[in-house]
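This briefing covers side-chain packing and charge pairing in one protein model. The sequence and structure are shown first.

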Amino acid sequence: PAADAASDGASISAQARLLESVLRDPPAPLALRLDALPPDVLRAASALGEAAFRQQLSSLVTGELAFRFPAWPGQNAALVIGREPEQAPHAGPPERVYFARLEMELPGLGSVQAMLNLNPRGIDIDLRAATSETAHALGASRDSLVQALAAADLRVGRVEVSDERSR
């Protein structure tokens, strides 16, 4: 137990040094090589699992987190969350825009992609469907979506619904 705690402390210390190094001098997104890292950092990476370690570093470099998960049995979803580079409006300080992109296959509706952009003015929503029938069904529920978000104290900017043919 005491050896495990010491090992955990060393692993956390190595991870902290690596994160400090990455934040101080971010690597180019595709130039990160594990064999160029110090041995204690590699041991920490091994403890985390190489895939999780790479994802953490990628998230630091790109500013995005990506997940694939089962939305429910037999239905997988993909979610990407991130931050757009700060954009300067016509007047005033730069605005920070956060985004989320969710893609999934919905029973009876097919492939649907929801893109949400959160900015100082509120939330903008872009729903894209594989078929015009699904886009129509999503469009018919637009007012309910806006009301539900408003009830959660979210200001809704624009809501757009399209299908693959209208892109």
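Setting aside neighbours within four places in sequence, Ala 135 is in contact with Ala 129, Val 161, Ser 162 and Asp 163. The model is predicted. Both Ala 135 and Ala 129 also belong to the largest nonpolar core.

**Nonpolar core**

- The largest nonpolar core is made up of 10 residues: Val 112, Ala 114, Ile 123, Ile 125, Leu 127, Ala 129, Ala 135, Leu 138, Leu 149 and Val 159.
- At least two residues of this core come from each of β4 (110–119), β5 (122–129) and α4 (132–140).
- β5 gives the largest share, with four residues.

**Salt bridges**

- How many salt bridges does a search of the whole structure find? The search finds three.
- One of them joins the side chains of Asp 126 and Arg 128, at 3.1 Å from N to O.
- Another links Arg 142 with Asp 143, where the closest N and O atoms are 3.7 Å apart.
- Arg 158 and Glu 160 also meet through their side chains in a salt bridge, with an N to O distance of 3.5 Å.

**Exposure of the charged residues**

- Asp 126 counts as buried because its relative accessibility is 11%, and buried means under 20%.
- Its salt-bridge partner Arg 128 counts as partly exposed, at 25% relative accessibility.
- Arg 142 has a relative accessibility of 30% and so counts as partly exposed.
- In the pair formed by Glu 160 and Arg 158, Glu 160 is partly exposed at 41% relative accessibility, and Arg 158 is partly exposed with a relative accessible area of 35%.

Notes: Residues are numbered from 1 along each chain as its sequence is written. This is a predicted model: local features need pLDDT of at least 70, side-chain atom pairs count only at pLDDT 80 or more; totals for chains, interfaces and linings use all residues. Side-chain values use heavy atoms; hydrogens and water are left out. A salt bridge is a side-chain nitrogen of Lys or Arg within 4 Å of a carboxyl oxygen of Asp or Glu. Buried means under 20% relative accessible area, exposed over 50%, partly exposed in between (1.4 Å probe, protein chains only). A nonpolar core is a set of buried Ala, Val, Leu, Ile, Met, Phe, Trp, Tyr and Cys residues joined through side-chain atoms within 4.5 Å. Contact means heavy atoms within 4.5 Å.
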